[in-house]
Amino acid sequence: GRTPLAFWFIVALKTHIFLFAENGPCLGYRKPKQPYQWLSYQQVLDRAEYLGSGLLYKGCKPSSDQFIGIFAQNRPEWIISELACYTYSMVVVPLYDTLGAEAIVYIVNKADISTVICDKPEKAESILEIYKQGKMPQLKTIILMDLFDDSLKEKGVTLGIEILHFQAVERAKNIFVPNIFLGNPKGALLTHGNVVSNTAAFLKVIEVSSAVYDTSEVAISYLPLAHMFERVVQSTMYSFGGRVGFFQGDIKLLVDDMKALKPTIFPVVPRVLNRIYDKVQTSTQTRFKRLLLNVAVNRKLAEVKQGIIRNNSIWDKLIFSKFQQVTGGKLNLILTGAAPISPSILMFFRGVFGCHIVEAYGQTECTAGCTVTMPGDWNAGYVGPPLPCNIIKLEDVPEMNYFASDNTGEVCIKGTNVFKGYLKDPEKTAEALDNDGWLHTGDIGKWMPNNTLKIIDRKKNIFKLSQGEYIAPEKIENVYTRGPSVAQVFVHGDSLQSFLVGIVVPDEETLPALAENLGVKGSFEDLCKNSVMKNAVLMEMNNLGKEAGLKTFEQVKYIYLHSELFTVENGLLTPTLKSRRTDLVKCFRSQIDALYASDM
């Protein structure tokens, strides 16, 4: 239907308040070195209604055409702001600084946003600076969660922007307006039905496990709320009256937060598990300790394969308990998504943590997930069968030699979780959704013999690193080729790796001059093999990247210098002189593997 998520969400909140006389905790937060403090379900409900009515009082319209920006880290006020908007039929548009100023300007203008809710004065300052340049003329109001100085308010007045405190808007109550519709961007319009069907599908899947999920469950919130993965996790938590505790905002303090919160449900991206894995390995440096760890893991996995999930075995007491305490020691479910995880690491943690670990796959356009591995399936290397809310088919991609008849092809999704299209962008919508309602993901999948899906390739050039960050390699390559020493560059990333590597063809005319300045001699081929020259070219590239505003994760970490140009004749360029990315990977497979191995 066209009823918004807010209506479903608030009915759920009221239901839980009615069912659980103690009006249990809902959203948690903590100050440094302090225990968690909690807002109850009733408090969250009340504050959402107050803030929403305050937004109406300040001129916002109770309409699906009213877009409100949220520019903040995970915290209770984020959820309260989201619910406030949905309560009064307004649309939430997440903004986050990793996108860069240009992307924020694009989103604010695209959605015609006049009101932005920020967490910190620094972010309000950055928005004012953008507004001062005349790039967001429709902006009228900034609402700040944290306290701010009068100087910031005066700066806003000078520019014609009203700056208000979050609690002041909450106190500006108005009349309650019925709910009618939800649109939930990143440009992707998601309805109440999309979110509810995806949440219900996840609930149905976890029912298969022997665990009982109820008001005792606690989840840690640190993954960006601008991503639907985290939002659906939270909707699932609220569906059975669970609690959500927010991290302090500093990822370096996440372990400390988890020890204080003791979560039972842990949504992760693979990079987090990779870091924990690295710590476990470095703590067992002696041959005896490593042998003992391997024996313990294998014994635990033997139990797991028999359906025995526990963390109270002799191996847990002797070896694993100290690792389990890193996450608080109470986990019964880990859900990993946003990027693929190494099968060996997944299996390793099934032994170490002694809890259910499932892997999900999906994208914003299908709300969050479209497949998830089933509790009780103790294998790895695939992303599970389709969720109950959708069906999946594989479509031929002949240019990449993938055919549905071979059980491979582009993953296409159809179901109640598939979005309605992109905001004000019919052309992009038509590219993603065909006339029969199939969402074309751009991912290449393969059906496994056990009827699960494995993601094996990417049809489009945009990909993710292991921590879930999107990379547009062609944009990065265009930056690097501006340098005098670079003739051609191929930027490569692996979804199981946390950084980028590059294959660089230096400029044959300028490289010798650089070599002379560095006191290096030899032929062009010799210079390409020289480590001093490699480091000099890499430094030049990274400096160019900084000047161009590339994020740290967008910079290549290691490069290989190749002395022969990519050409149409050697099969590395298309007739239109575009990189044949698949062929480049095949050609330089050994060099790429060596670059990643050099980081170990």
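Here is a short walk through this predicted model, stop by stop.

Before you click, note that residues count from 1 along each chain as its sequence is written, and that side-chain values use heavy atoms, with hydrogens and water left out. Because the model is predicted, local features need pLDDT of at least 70 and side-chain atom pairs count only at pLDDT 80 or more, while totals for chains, interfaces and linings use all residues.

**Stop 1: the salt bridges**

The structure holds 17 salt bridges (a side-chain nitrogen of Lys or Arg within 4 Å of a carboxyl oxygen of Asp or Glu). Select Arg-47 and Glu-170, whose side chains form one of 2.8 Å, N to O. Arg-47 sits in helix H2 (residues 41–57) and Glu-170 in helix H7, so this pair ties together parts 123 residues apart in sequence. Helices here are DSSP runs of H or I with at least four residues, strands are E runs of at least two, and both are numbered from the N terminus.

Stay on Glu-170: H7 covers residues 166–171. Glu-170 is buried at 8% relative accessible area, and Arg-47 is buried at 18%. Buried means under 20%, exposed over 50% and partly exposed in between, with a 1.4 Å probe and protein chains only. Beyond neighbours within four places in sequence, Glu-170 touches Arg-47, Tyr-50 and Leu-51, where contact means heavy atoms within 4.5 Å.

Next, pick Arg-75 and Asp-146, a salt bridge with its closest N and O atoms 2.9 Å apart. Arg-75 is buried at 17%, whereas Asp-146 is partly exposed at 22%.

Then go to Arg-231 and Glu-82, with closest N and O atoms 2.6 Å apart in their salt bridge. This pair joins helix H9 (residues 228–239) to helix H3 across 149 residues, and both partners are buried.

**Stop 2: the nonpolar core**

The largest nonpolar core has 108 residues, and Phe-266 is among those with the most contacts inside it. Such a core is a set of buried Ala, Val, Leu, Ile, Met, Phe, Trp, Tyr and Cys residues joined through side-chain atoms within 4.5 Å. Centre on Phe-266: its contacts include Ile-220, Tyr-222, Met-258 and Leu-335.

**Stop 3: an open sheet**

Show S14-S15-S16-S17, four strands in that order with antiparallel pairing. Strands S14 (390–395) and S17 (453–458) are at the edges with a single partner strand each, so one side of each has no neighbour in the sheet. Strands pair if DSSP finds at least two bridges between them; S14 and S15 (residues 408–415) have six. To finish, select Glu-395 and its bridge partner in S15, Glu-410.
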